[in-house]
Amino acid sequence: MTVVNDKTYRERVYEIVRRVPAGKVMTYGQIALILGEGYTARTVGYCMHAADEGVPWQRVINSQGKCSTGKMTMPVNLQQSILESEGVVFSGSGKCDLAMYQWHPEGYEPEPDDQTKLFGTD
DNA sequence: AACTTGACGAGGG
DNA sequence: CCCCTCGCCAAGT
C-alpha cells in the first residue's frame, strides 16, 4: 500500500493542528496515532518546532497535560499563558485536565483503512 | 552514509 | 511527584 504524499511529512501534522479549536488541546502522541504510518510523538514534536504561521502550535502539549516547550524557542510559561487566555485552566504544577480539554477530531481514526475517508476528497 | 539531536511516551524505581 | 532508560523517526551536521 503506497500512500502518495502531495504534502510534506510536516504538513500532514499541521493539517490536523490547524483544526484544533481555541480552548482545546491535543497531544503529540495523539496526532502521531492518527497519522499512523511512520509518525511518532517524537517526530510530531519535531514538526511543531518549525510550525508556520497559522498553525496553533500552542494547542499541542504532551500526554501529561503539560507544556513541553521549555528551553527551545519558546518558554513553557508563555505557551501556558496563551492557552490560559484561550480558556484552558492549568493547575499549580502546570498541568491541565486532558479529559476536559483534549480535542478528538471527528472523521479521524487511528490507522484508517482508507485514507480517502479522512476528509473526503479535498 | 553515519551520528547526533530532539516541543514525546510508557514503564520502572 | 521526580528521575532515569529505552524505543521511536525525521532532520541537521
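Which polar backbone atom is 2.6 Å from a base nitrogen of DNA strand B? The atom belongs to His49.

## Basis of the model

This is a predicted model, in which local features need pLDDT of at least 70 and side-chain atom pairs count only at pLDDT 80 or more, while totals for chains, interfaces and linings use all residues. Residues are numbered from 1 along each chain as its sequence is written, chains are lettered from A and ligands numbered from 1 in the order in which they are written, and side-chain values use heavy atoms, with hydrogens and water left out.

## Surface near DNA strand B

DNA strand B is surrounded by 15 residues, and the closest are Arg42, His49, Trp57, Thr69 and Met72. A residue is near a strand if one of its heavy atoms lies within 4 Å of it. Of the atoms of DNA strand B that come within 4 Å of the protein, sugar and phosphate account for 52%. By residue class, this surface divides into five nonpolar, nine polar and one charged. Here Ala, Val, Leu, Ile, Met, Phe, Trp, Tyr, Cys and Pro count as nonpolar, Asp, Glu, Lys and Arg as charged, and the others, Gly among them, as polar.

Polar contacts are pairs of N or O atoms within 3.5 Å; within protein, one must be able to donate a hydrogen and the other to accept it, and residues adjacent in sequence count only if both atoms are side-chain atoms. Besides the His49 pair at 2.6 Å, a backbone N or O atom of Gly29 lies 3.2 Å from a phosphate oxygen of DNA strand B. For Ser68, a backbone N or O atom lies 3.2 Å from a sugar or linking oxygen of DNA strand B. Helix H2 (28-35) and H3 are the elements that give two or more residues to this surface, and H3 gives the most, with four residues. Helices (H or I, at least four residues) and strands (E, at least two) are DSSP runs, numbered from the N terminus.

## Surface near DNA strand C

Around DNA strand C stand Tyr9, Gly38, Thr40, Arg42, Thr43 and Tyr46. Sugar and phosphate make up 75% of the atoms of DNA strand C that come within 4 Å of the protein. The residues here divide into two nonpolar, three polar and one charged. Helix H3 (residues 41-48) supplies the largest share of this surface, three residues.

One is Arg42, with a polar side-chain atom 3.0 Å from a base oxygen of DNA strand C. The other is Tyr46, with a polar side-chain atom 3.5 Å from a sugar or linking oxygen of DNA strand C.

Val17 lies in helix H1 (residues 9-17). Val17 counts as buried because its relative accessible area is 0%; buried means under 20%, exposed over 50% and partly exposed in between (1.4 Å probe, protein chains only). Not counting residues up to four places away in sequence, Val17 touches Ile31, Met48, Val55, Pro56, Trp57 and Val60, where contact means heavy atoms within 4.5 Å. Val17 and Val55 are 38 residues apart along the chain, and their C-alpha atoms are separated by 6.4 Å.

Gln80 is found in helix H4 (residues 76-85). With a relative accessible area of 16%, Gln80 is also buried. Its contacts, again leaving out residues up to four places away in sequence, are Cys67, Phe90 and Gly94.

## Cysteines

The whole structure contains zero disulfides, a disulfide being a pair of cysteine sulfur atoms within 2.5 Å. Cys47 is buried at 3% relative accessibility, and Cys96 is buried at 6%.

## Salt bridges

Side chains of opposite charge can pair when their charged atoms come close. The structure holds two salt bridges, each defined by a side-chain nitrogen of Lys or Arg within 4 Å of a carboxyl oxygen of Asp or Glu. Glu86 and Arg59 form one of them (2.9 Å, N to O). This pair links distant parts of the chain, 27 residues apart: Glu86 is in the loop between H4 and helix H5 (98-101), and Arg59 is in the loop between H3 and strand E2 (60-61). Both Glu86 and Arg59 are buried.

Glu11 and Arg18 also meet through their side chains in a salt bridge (3.8 Å, N to O). Glu11 is partly exposed at 28% relative accessibility, and Arg18 is partly exposed with a relative accessible area of 39%.
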